Amino acid sequence: MKSLMSWVKQARLLVAVSLPECQFCLKKAAPSPELPGVCRSCYQSIPWIRTPRCQTCGRPVGCPDCSRSHSPVPIRCNRSAVSYTSTMREILGQYKYRGNERLTPILGLMLDRAYAMLQQEQRERHRSLTRSHQGRSTPFSLFKRKQRLSAQWQADLLVPVPVSAARLAERGFNQAEQLAGALTRRRGVPQLPLLVRTHHTAKQSFKSRSERLADMKHAFTGNTDSAVLQTLRSHVDASSLQPGQRPLQIVLIDDIYTTGSTIRACAEALQQLCGSQGYTAEIYALTWARS
Ligand SMILES: [Zn+2]
Ligand SMILES: [Zn+2]
């Protein structure tokens, strides 16, 4: 009997040892099927944003920022995967400051959920636009074509929010670029560094909203590198996007959306760059967390 008990104990130990380590709680536990690399119990406690209450910035709660601001928002909307709770802050810290790059595919997969939400919403929006434009003057073939396009909405380009050279040297990687890379691998949407950071901004967390907005205003500019612009042109050509036919659908990628000052500044610089190249653009933002 004793030997049977010790055998059961040993078998249990063996199972525990062979289980993978959860990248969130670092315990050995059965992984969740939905998010490999994360255990079931950690997966259950992820604060997903399933229904954003603010249609502009994707906040899950009532939002004074978007209704208060009188200047037009330069993005169509932001969607975030999760609420920035203390647990999510801890995870992002592990990734960004302690350089646990094993989190990249996990956070990328989480961001992909926000992309799916954005895609679903845009497909519905384009469908209803097509319906409302369905006048008698629209030829049937054109209507059919518009209908097909609306059912297929996807981003044309992903643009990661750049970090300053100093930050890059300190961290060794740009988290936004890595997250965009994960989305590219899943969705096949290319990423292009259409923005550059013009100056290093001091730590934002201790600043008020208006201070952040002022600070960010000139922090980004369009990337006028000839190779990058050439890639943009050949991408537009390849997707048979005729000038003036429809706006480029560009999605800005970042890890976190706080006041929106970074995204706002990036979108403005991006609009300017696209305009200078003769393109119109509709800009969206996808961020891993919404604080
Ligand atoms: Zn866990
Ligand atoms: Zn809002």
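pLDDT is the predictor's confidence in each residue, on a scale from 0 to 100. The structure described here is a predicted model, and the mean pLDDT of its protein chain is 86, with 84% of the residues reaching 70 or more.

Four strands form an open sheet in the order S1-S6-S5-S2, and their pairing is parallel. Strand S1 (78–83) and strand S2 (157–160) stand at the edges; each has a single partner strand, so one side of each lacks a neighbour in the sheet. On average, and ignoring direction, neighbouring strands are turned by 20° against each other. Strands of a sheet pair through backbone hydrogen bonds, in either a parallel or an antiparallel way. Strand S5 (residues 248–257) and strand S6 (residues 281–290) are paired in the parallel sense over nine bridges. Leucine 252 stands opposite alanine 285 in S6.

Two helices pack on this sheet. Helix H4 (residues 86–96) touches S1, S5 and S6, and its direction makes about 105° with that of S6. Helix H8 touches S2, S5 and S6, and its direction makes about 130° with that of S5.

Helix H8 can be followed from end to end. At its start, a side-chain oxygen of asparagine 174 comes to within 2.9 Å of the backbone nitrogen of alanine 176. An α-helix has 3.6 residues a turn, so residues three or four places apart point the same way. The buried residues of H8 include Gln175, Ala176, Gln178, Leu179 and Leu183. After H8 comes glycine 188, which has a positive phi, near 75°.

Which side chains make polar contacts with aspartate 255? Aspartate 255 is found in strand S5. Its relative accessibility is 2%, and it counts as buried because the cut-off for that class is under 20%. A polar contact of 2.7 Å joins its side chain to that of lysine 96, and another, of 3.3 Å, joins its side chain to that of glutamine 175. Lysine 96 falls within the residue range of H4, and glutamine 175 is one of the buried residues of H8. Beyond its neighbours within four places in sequence, aspartate 255 is in contact with Leu92, Lys96, Gln175, Leu179, Thr287, Trp288 and Ala289.

Serine 83 has its place in edge strand S1. Is serine 83 buried or exposed? With a relative accessible area of 18%, serine 83 is buried, because the limit is under 20%. Setting aside residues up to four places away in sequence, serine 83 touches Pro47, Ile49, Pro60, Met88 and Arg290.

A further site involves cysteine residues. Cysteine 66 lies in helix H3 (residues 64–68). Its C-alpha atom is separated by 7.9 Å from that of cysteine 54, twelve residues apart along the chain. Apart from neighbours within four places in sequence, cysteine 66 is in contact with Cys54, Thr56 and Cys57.

Technical notes: Residues numbered from 1 in each chain as written. Chains lettered and ligands numbered in written order. Predicted model: local features only at pLDDT ≥ 70, side-chain atom pairs only at ≥ 80, totals over all residues. Heavy atoms only, no water. Contact = heavy atoms within 4.5 Å. Buried < 20%, exposed > 50% of the residue type's maximum accessible area, 1.4 Å probe, protein only. Polar contact = N/O pair within 3.5 Å; in protein donor to acceptor, adjacent residues only side chain to side chain. Pairing = 2+ DSSP bridges. Axes fitted to C-alpha atoms, helices over the stretch in contact; angles between N-to-C directions.
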